[in-house]
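Please look over the sequence and the model first.

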Amino acid sequence: MDWRTKLLDPNPRARRDYKSLATPVYRGSTVLFDDQSSVKDSWDQAENGYSYGLYGTPTALELAARIAEIEGAHRTLIVPGGQAAIALVYFAYCTTGSHALVPYSAYGPNKEMAEGILRGLGIEVEAYDPMIGAGISDLIRSNTALIWCESPGSVTMEVQDVPAIVKAAHNKDVAVALDNTYAAGVMFDAFGHGVDVSIQALTKYVGGHSDLLLGSVSVRDAPAFEQMGPIYRQLGLAVSPDDCSLALRGLQTLALRLEQLEKSTLQVAHWLADHPKIQAVFHPALASCPGHDVWKRDFTGSTSVFSIWFTDDVSPMQVEAVIDSLELFQIGLSWGGVNSLAIVYPDVERPGQDYAGRLVRLNVGLEHTDDLIRDLKSALQTHF
Ligand SMILES: *Cc1c(COP(=O)(O)O)cnc(C)c1O
């Protein structure tokens with residue numbers, strides 16, 4: 001063979017029996033088959049064998065299997081981000097003429113998809129009060145195909161009575177999907193509490209270092225997986241094996257990070273709750289959070305994200321000035337990494353409740369809490 005042809009020979013030269021503690025990063029689009037008769041083309045590679053990199057290389061399938069294991073799911077699909085996970089769930093359950101329910105407190109881009117792509121396709125998504133509980137029954141119609149829960153909700157942190165919603169939904173044969181990102185898939189047992197689909201933005205706690213974007217869609221049983229798979233294939237939700245490898249590394253320290261984040265966050269939240277310029281702290285473990293009792297009943301812990309609501313006499317400009325004065329808390333979206341973050345939500349409104357530009361979301365990182373509290377104290381002192 002010409003040396004130029006040799007350069008392209010896919011057969012390995014080195015031994016392949018290397019066993020280490022790390023999951024290898026398997027890159028690849030094309031999968032090679034031994035002969036024509038063994039060629040297959042299945043999105044369910046865990047079941048049917050590898051067919052194409054689009055449905056994940058062994059690195060992605062390793063991550064999927066581990067997420068399924070810790071969430072107690074039948075199976076998990078890894079997708080490019082939390083928002084892609086939300087899209088996959090909508091498309092797997094809804095079609096033109098379907099009705100779906102989503103809490104007011106859901107992640108903003110979930111509601112944007114409802115008002116945008118889904119409305120254009122003739123799928124009606126209705127917003128509901130996250131605290132509705134068993135009352136959801138009255139909103140279920142003959143064409144209701146899906147009920148979303150997100151608990152606690154984004155920014156306003158309402159803890160939902162998921163078991164009551166599941167009961168009402170299942171009475172009428174409606175599937176329930178939960179955005180379980182806050183709980184990292186572990187602080188709230190989604191399947192133990194009856195949900196059909198649990199999604200996570202792995203971008204947050206599983207990644208844990210603000211350097212990757214991935215999502216997961218975990219399902220309760222084989223029928224749900226069969227419903228999800230073809231849509232996953234049609235949408236072409238490919239993920240990077242390098243990102244999956246980082247997420248697998250993130251899983252190794254997830255327990256330790258969550259343990260420390262819970263402690264640090266509670267300390268910061270309690271300190272803020274005592275400040276005269278803060279009218280409410282929306283942290284599930286504090287009584288001031290809507291649904292706190294449900295959190296106590298259903299969750300095994302809390303994590304690192306919560307919101308504070310300044311008192312009426314503080315202007316939105318002062319709120320901004322306080323946030324701008326923070327030095328350790330960086331200003332940025334997303335959360336779940338090692339750095340503390342703060343961001344003002346100037347436009348948050350819920351029916352009957354206007355937060356009037358005085359709502360701020362905090363994400364506590366792994367910095368020492370003495371330093372974080374000193375940072376908050378100094379920023380507040382500068383302006384009040
Ligand atoms: C961040 C987030 C998402 C979206 O995740 P991405 O990976 O950024 O697409 C979805 N749901 C919740 C609750 C989130 O916080």
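The text below describes the chain as a whole and then turns to some local backbone features.

The model is predicted. Its protein chain contains 11 helices and 14 strands. Along the principal axes, the C-alpha atoms of the protein chain fill a box of roughly 80 × 50 × 35 Å. The radius of gyration of the protein chain is 23 Å, which agrees with the value near 21 Å that a compact globule of 384 residues would have.

Of the 384 residues in the protein chain, 52% count as buried. The protein chain exposes about 17,800 Å², and carbon and sulfur atoms supply 51% of that area. When contacts between residues at least 6 apart in sequence are taken, 72% join residues at least 24 apart. The protein chain carries 29 positive and 46 negative side chains. The centres of these two sets lie 6 Å apart.

The loop between β4 (144–150) and α6 (162–171) holds Pro152. A cis peptide bond, with omega about -10 degrees, joins Ser151 and Pro152. Val155 is also placed in the loop between β4 and α6. Asp173 lies in the loop between α6 and β5 (175–179).

Val155 and Asp173 are residues other than glycine with a positive phi.

| Residue | Phi | Relative accessibility |
|---|---|---|
| Val155 | near 70 degrees | 7% |
| Asp173 | near 60 degrees | 75% |

Buried means under 20% relative accessible area. Val155 therefore counts as buried at 7%. The cut-off for exposed is over 50%, and Asp173 counts as exposed because its relative accessibility is 75%.

How values were computed: Residues are numbered from 1 along each chain as its sequence is written. Side-chain values use heavy atoms; hydrogens and water are left out. Helices (H or I, at least four residues) and strands (E, at least two) are DSSP runs, numbered from the N terminus. The radius of gyration is taken over C-alpha atoms; the globule rule is 2.2 Å times the number of residues to the power 0.38. Buried means under 20% relative accessible area, exposed over 50%, partly exposed in between (1.4 Å probe, protein chains only). Contact means heavy atoms within 4.5 Å. Accessible areas come from the Shrake-Rupley method with a 1.4 Å probe; for residues, only the protein chains shown count as cover. Lys and Arg count as positive and Asp and Glu as negative; His and the chain ends are not counted. The place of a charge is taken as NZ of Lys, CZ of Arg, CG of Asp or CD of Glu.
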